[in-house]
Amino acid sequence: MPNRHRLARLALPLAVIAAAAGPALAAGAATTAASDVSDHYFRMKQVQIMDQGQQVPKPAYDLMIPTTWQFKGWVNVGVAEGGCFADWFAVVGDAKSADNSIELQILPQYTWQYVTDPQAQRQLQQQNQQGARYGIKPCPVRMPVHAADFLRQDLLEKYRKGKPIVSIEPFPELNQIARHNLGLPPDGTGNPGGIHTEAARARLAFDDDKGNPVEEWVSAVIVVRALQSGSGVAYDWHAINVMYLRTPKGQLDANDKLFKLIASTIHPDPAWQKYSTGVITTLYRKKQEEEAKQSAIIAQFQQHVADTINGVVANQQRGADNAAFGADQLIRGVQTFRDPSSGATYELSNQYDHAWQNGANEYVMSDDPNFNPNGKLDGNWNSLQVVRPQP
């Protein structure tokens, strides 16, 4: 069991491979591939978003991208537009294909607060106004909105203003990924702790800065936590998993499964998560102590937010503990593989029963029982075994 958790962030869920994503993706997967098998496998590598703000730079997030892609990622501190402490660490990533024609961007999360009690609402606004006098950015007070409305009113209005919107639709796969990462049960099976999630994505078509016609997915997940507070309800809510995927015109659908694949592999580094959560919790609790002198209702709300942040980390660990078998894996399209030489286990796609790893954070999966990467790809590849759930 310990091996599975230690390696979980190295071998993240590869829910789709090139055979499902199309020949255009497979062609860029590995330059040493034989052409007669390139449609039957996809080769990925692990990359990290580094936090350079610490004395010794530390990995903050892990994810997987095609081996020929380039990646850069960083963590900014205290630069969020709003002053909500949950946004204290702004995580950013940018992945591009070798020819720069396809780009995936990971943007920081957004946080708001809201209370239905008119008196508490006025107190929140007054505190924000007082803080502004001393150069303290306010934590925005705003009623929760649906994911589609957040895309339309916020992201697209700010970053893609005037760009033609082809459609806005639910994004259930991303919602399930977010719920798993938050340690929540699959959507439709309950919302413990009053937590509600929903995801949406917008499809755009426009000409880029160079006049080239492109298409784009813009996605986000809304997470809303409700707390009975005084005579009303208080909401701590966020927009997470904010991402863009841009491709040349006519290639967006062919890369849709790759988009979902990469999204499913984005996870915080456990050590960095513990560190960042501790910083954020301390900030909230200091604020709670100050506000306890002014308003019991607002102080209760801030205490709830701090406790919730710690609870999310605990839920994530429980989610990891419970994710090895059962309905959760089916929903996310993964299954467990075992390395017979070390006993370590990995979560990879359940659509491909043949998998290998080379010990350098690279993984190959195939739907062809006769395919073997040894001799066809550079490096030494060790075969992994499927672990079937016990009945």
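## Exercises on a predicted model

**Exercise 1.** In this predicted model, find the residue that caps the N-terminal end of helix 4.

*Solution.* Look at aspartate 117, which caps that end of helix 4. One of its side-chain oxygens lies 2.8 Å from the backbone nitrogen of glutamine 119.

**Exercise 2.** Describe helix 4 (residues 118–133) by its span and its buried and exposed residues.

*Solution.* Start with the span. Helix 4 has 16 residues and reaches 23 Å from its first C-alpha to its last. That is close to the 22 Å expected at 1.5 Å a residue. Next, list the buried residues: Ala120, Gln123, Leu124, Gln127, Asn128 and Gly131. They cover an arc of only 135° around the axis, so they sit on the same side of helix 4. Pro118 and Arg133 are exposed on the other side. Finally, step just past the helix: glycine 135 takes a positive phi of about 75°.

**Exercise 3.** How are helix 6 (residues 172–181) and helix 7 (residues 256–264) oriented, and which residues make the contact?

*Solution.* The two axes come within 10 Å and cross at roughly 10°. Angles under 35 degrees count as roughly parallel. Therefore helix 6 is roughly parallel to helix 7. Helix 6 contributes Glu173, Leu174 and Ile177 to the contact; helix 7 contributes Lys260, Ala263 and Ser264.

Conventions. Residues numbered from 1 in each chain as written. Predicted model: local features only at pLDDT ≥ 70, side-chain atom pairs only at ≥ 80, totals over all residues. Heavy atoms only, no water. Helix = DSSP H or I, 4+ residues; strand = E, 2+ residues; numbered from the N terminus. Expected span 1.5 Å × (residues − 1). Buried < 20%, exposed > 50% of the residue type's maximum accessible area, 1.4 Å probe, protein only. Arc of directions from axis to C-beta. Polar contact = N/O pair within 3.5 Å; in protein donor to acceptor, adjacent residues only side chain to side chain. Axes fitted to C-alpha atoms, helices over the stretch in contact; angles between N-to-C directions. Parallel < 35°, antiparallel > 145°, perpendicular 65-115°, else oblique. Contact = heavy atoms within 4.5 Å.
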